[in-house]
Amino acid sequence: MNDMTQNNLERALKIVGTRPPRPDGVDKVTGRALFGSDKSLPNMLVGRVLRSPYAHAKIISIDTSKAEVLNGVKSIVTCADFEDFPSEFVPNGEMIVNLKDITRNIMAREKVLYVGHTVAAVAATSEDIAEKALGLIDIKYEVLPHVLEVEDAEKPDAPVLHEDMMTIGIEPSPKKASNVAKRVEFGFGDVEKGFAEADLIVEREFTTQQVHQGYIEPHACLASVSEDGQADLWCTTQGAFVVRNFCSKLLGLSAAQIKVTASEIGGGFGGKTVVYLEPLALALSRKSGRPVKMEMSRAEVFTSSGPTSGAKVWVKIGVKNDGRIIAGDCVLKYQAGAFQGAPVGPGAMCAFAPYDMVNVRAVGYDIVVNRPKVSAYRAPGGPISEYGVESVLDEIALKLEMDPIEIRLKNAAKEGTIAPYGPKLGPIGMIETLEAAKAHPHYSAPLGPNQGRGIASGFWFNIGGETSSSITINEDGTVGLTLGTTDIGGSRASMAMMASEELGVPMDLIKPVIGDTNSLGFNFLTGGSRATFSTGMTVVRSTREAIEELKKRAALLWEVDLNQVEWVDGHARLIAGDEPKTMSLAQIAKQAGKTGGPIMANCSMNVTGAGPSLGTHIVDVEVDTETGKVSIVRYTAIQDAGKAIHPAYVEGQMQGGAVQGIGWALNEEYIYNDKGELENTGFLDYRIPVCSDVPMIDTVIVEVPNPNHPYGVRGVGETPIIPPLAAISNAVSRATNIRFNELPLSPPKVLAKLMHG
Amino acid sequence: MAQLILTGSLKSLANGVAEFNIQARNVHQLVVELKQICPVLAPLIESEGFAVAIDGEIYQDILFAPIGENSEVHLIPPIGGG
């Protein structure tokens, strides 16, 4: 339990739980907000990247001499400009990564490993000159055979991407390199014994395709390195401090030499937790002595930033006739892209986590292929594994003629359940979300012809992590909040609301800003559904410290002991005495200089106590049997938020996750040709849902408070992308009476199955 | 006495041993003790990092998270998100 001795779980709240306008709203709707590519500096150069045309090739030589003499070219960088790091695992935002791989992903060294892999970068006085210079760089390759799919990559005769990569996690340790980076296993009990006792067993294989987060704003940054080695970096990112640390390592600079400022962000969803352009722009700026701005095109975003894994999933579940699960087993094979680090670990950990299992096993394989290195995407790994489990569970419910919610209720994880990854779960809201789904009018609404209804649940852990923030009481009674976690989903509003609730002053007196990396201690990035939970914890704690200081100043002015002063509704109040005496925050702030100086407080902590979030989605689909097109007719997302600080933002997260899941389920996929070239590098061919594709997503917020947070907050951003994949697949299967085990459920695939079974 | 419980891959690495009685009273001491009671796990934890669940609560990179006299401790991979 965290040391938050006073909590607000039982207190009547005035601000938390309301829906005030967001502090950043006006700038965003008027176009005043500055995003990654919106900033410029005098004498700025344009940076462009030369990328590999091959999916797998040895780099024989790189000759930049012709480009260097082109008028207007100011600097060129290749792998020779970056230190080569040995194999070293370091935390990289959302995942542990190998520094050797990061070095090679930002700039290819011995080999190129995917089409779009960076091989050189140029800074020039204009975009045209930079592009011309790229054409003058002469690179000689020896083309190698490539491999794109996990089932091909694990074959003994597959082209090997990394000659030094031995599979970790199998005994005896292999002596021969392969594309399988790691095997992981979670679970307990005796799975074979469980299956032997089962009345019904369903075993299926599933396929999911590689999908991109689809953030609207491409990666962009502006770097400026001065003659004395001080670097300023402006970029679109989910974690300025993480960018600082990686760039300092990659460029041999100290953390104090780089100041990173996060721009407003046009979507990230996990994809902006790693560095791509940032170290290149810094290196080009350092070499040229001028600021360098770089932006990815949409095609570059698709080919060269990190999507999430495509995968093969095998699931086997055994149940008793009453629907009780007696054994669950799965094998997950996830594409990592060109370097190890697929989110197969968390995928395996949460595959069966919504359920109270007695015999469970989840095995995962992290497999490299000639595709871009995967990055985090909302609940990394979870949607894929839980898609398989939730689909099999639906088929079992059908075979047992059980209601799909009832079978989930019968097996639902609850407080005290041992999670498949080991520890006992604290209070969670799985049962509550299922009960809310059952009671929702959507669940009992009639269906039309060719329509089907699907149900699926989802689990995500949520996290805490290193966080710091500060609060300043200004002399006019307004309040400044400096936060270190990038605001990607309305967290400035939520933080101001918690500070407002604590202080007892109106929220519009509180100005929250996102600080740069020089203004606060280290902050882990915004991801893992941690910002409202973790930064909220530091805001509450620092606000309470500021209140203590305000009370001290009032006590000084009243010449009484501190214990005679309490804080009520934005005022210090004298407890003792006949006459009620109060002093407002503004009155105290006005005299701060005379009573000891400015009033401010900081809080830095490594936050623990995150509470898992569970969700259940209901979806109705209609299948056009002539074209195979699946339309979403009605959608309801239900989720345990712990406590919704700003319910509209929680609903927004639930709706956004659901829509991204709809895209994953129905249309999105990376399509490669036989040369390993991505063929759909734009939104015309890579089909994310638009408004006309989806109905209004209805939401129900369930609140089972997280006892470790002063307001009961859990994270909400990850979980809502998990249920849609299986919920939609289950709905299509029920509408057509044909089981679908492959995503996306795009018209040609659905039509083929309708025609041929 | 507090118990370290291993499941899945970690149990296999520890030659099938699922439970260890541990003296450690915080995560820092656990890392030291682990090198003695189950040395095969130490390189994995040092190279890739691990989170520790103590009585169900997950601690990532917190060396001095307290382990109670009768605590149940699990090692799990660090968890991120998107």
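Helices (H or I, at least four residues) and strands (E, at least two) are taken here as DSSP runs, numbered from the N terminus, and the model shown in every panel is a predicted one.

**Panel 1. Chain B, read along its sequence, follows the pattern β-α-β-α-α-β-β-β.** Chain B has 3 helices and 5 strands, and its C-alpha atoms fill a box of roughly 35 × 25 × 20 Å when this is taken along the principal axes. A compact globule of 82 residues would have a radius of gyration near 12 Å, and the value for chain B is 12 Å, which agrees.

**Panel 2. The contact between the two chains takes 24 residues from chain B and 38 residues from chain A.** On the side of chain B that touches chain A, at least two residues each come from helix H1 (8-13), helix H3 (42-48), strand S4 (57-60) and strand S5 (72-76) of chain B. S4(B) gives the most to this side, with 4 residues. Sorted by class, the side of chain B that touches chain A has 12 polar, 9 nonpolar and 3 charged residues.

**Panel 3. An open sheet of 7 strands in chain A has the order S3-S7-S1-S14-S11-S12-S13, with mixed pairing.** Strand S3 (73-77) and strand S13 (258-262) of chain A are the edge strands, each of them pairing on one side only, while neighbouring strands of the sheet are turned against each other by 20 degrees on average, direction ignored. Within the sheet, strand S11 (residues 220-225) and strand S12 (residues 231-235) of chain A run antiparallel and are joined by 5 bridges; on this pairing, A:Ser224 stands opposite A:Asp232 in S12(A).

**Panel 4. Helix H7 (residues 240-251) of chain A lies across S12 and S13 of chain A.** H7(A) runs at about 145 degrees to S13(A). The axes of H7(A) and helix H8 (residues 278-288) of chain A come within 10 Å and cross at roughly 50 degrees, which makes H7(A) oblique to H8(A), and the crossing of the two helices is right-handed. From H7(A), the residues A:Val243, A:Cys247, A:Leu250 and A:Leu251 meet A:Glu278, A:Pro279, A:Leu282 and A:Ala283 of H8(A). The contact of H7(A) with H8(A) has 7 nonpolar residues and 1 charged residue, with no polar residues.

**Panel 5. Strand S2 (residues 57-63) of chain A is joined by 2 bridges to strand S6 (residues 111-112) of chain A, and these strands run antiparallel.** The bridge partner of A:Lys58 in S6(A) is A:Lys111. S2(A) also pairs with strand S8 (residues 138-143) of chain A, in the antiparallel sense and over 6 bridges, and here A:Ile59 stands opposite A:Tyr141 in S8(A).

**Panel 6. Helix H18 (residues 647-666) and helix H19 (residues 723-736) of chain A have axes that come within 8 Å and cross at roughly 55 degrees.** H18(A) and H19(A) are therefore oblique to each other, and their crossing is right-handed. On the side of H18(A), the contact is made by A:Ala658, A:Gly661, A:Ile662, A:Trp664, A:Ala665 and A:Leu666, whereas H19(A) contributes A:Pro723, A:Pro724, A:Leu725, A:Ile728 and A:Ser729. The residues of the contact of H18(A) with H19(A) divide into 9 nonpolar and 2 polar, with no charged ones.

Definitions and conventions:
Residues are numbered from 1 along each chain as its sequence is written. Chains are lettered from A and ligands numbered from 1 in the order in which they are written. This is a predicted model: local features need pLDDT of at least 70, side-chain atom pairs count only at pLDDT 80 or more; totals for chains, interfaces and linings use all residues. Two residues are in contact if their C-beta atoms, placed from the backbone, lie within 7 Å. Ala, Val, Leu, Ile, Met, Phe, Trp, Tyr, Cys and Pro count as nonpolar, Asp, Glu, Lys and Arg as charged, and the others, Gly among them, as polar. Two strands pair if DSSP finds at least two bridges between them. Axes are lines fitted to C-alpha atoms, for helices over the stretch in contact, and angles run from 0 to 180 degrees between N-to-C directions. Angles under 35 degrees count as roughly parallel, over 145 as roughly antiparallel, 65 to 115 as roughly perpendicular and the rest as oblique. A crossing is left-handed if the near helix is turned anticlockwise from the far one by less than a right angle, and right-handed if clockwise. The radius of gyration is taken over C-alpha atoms; the globule rule is 2.2 Å times the number of residues to the power 0.38.
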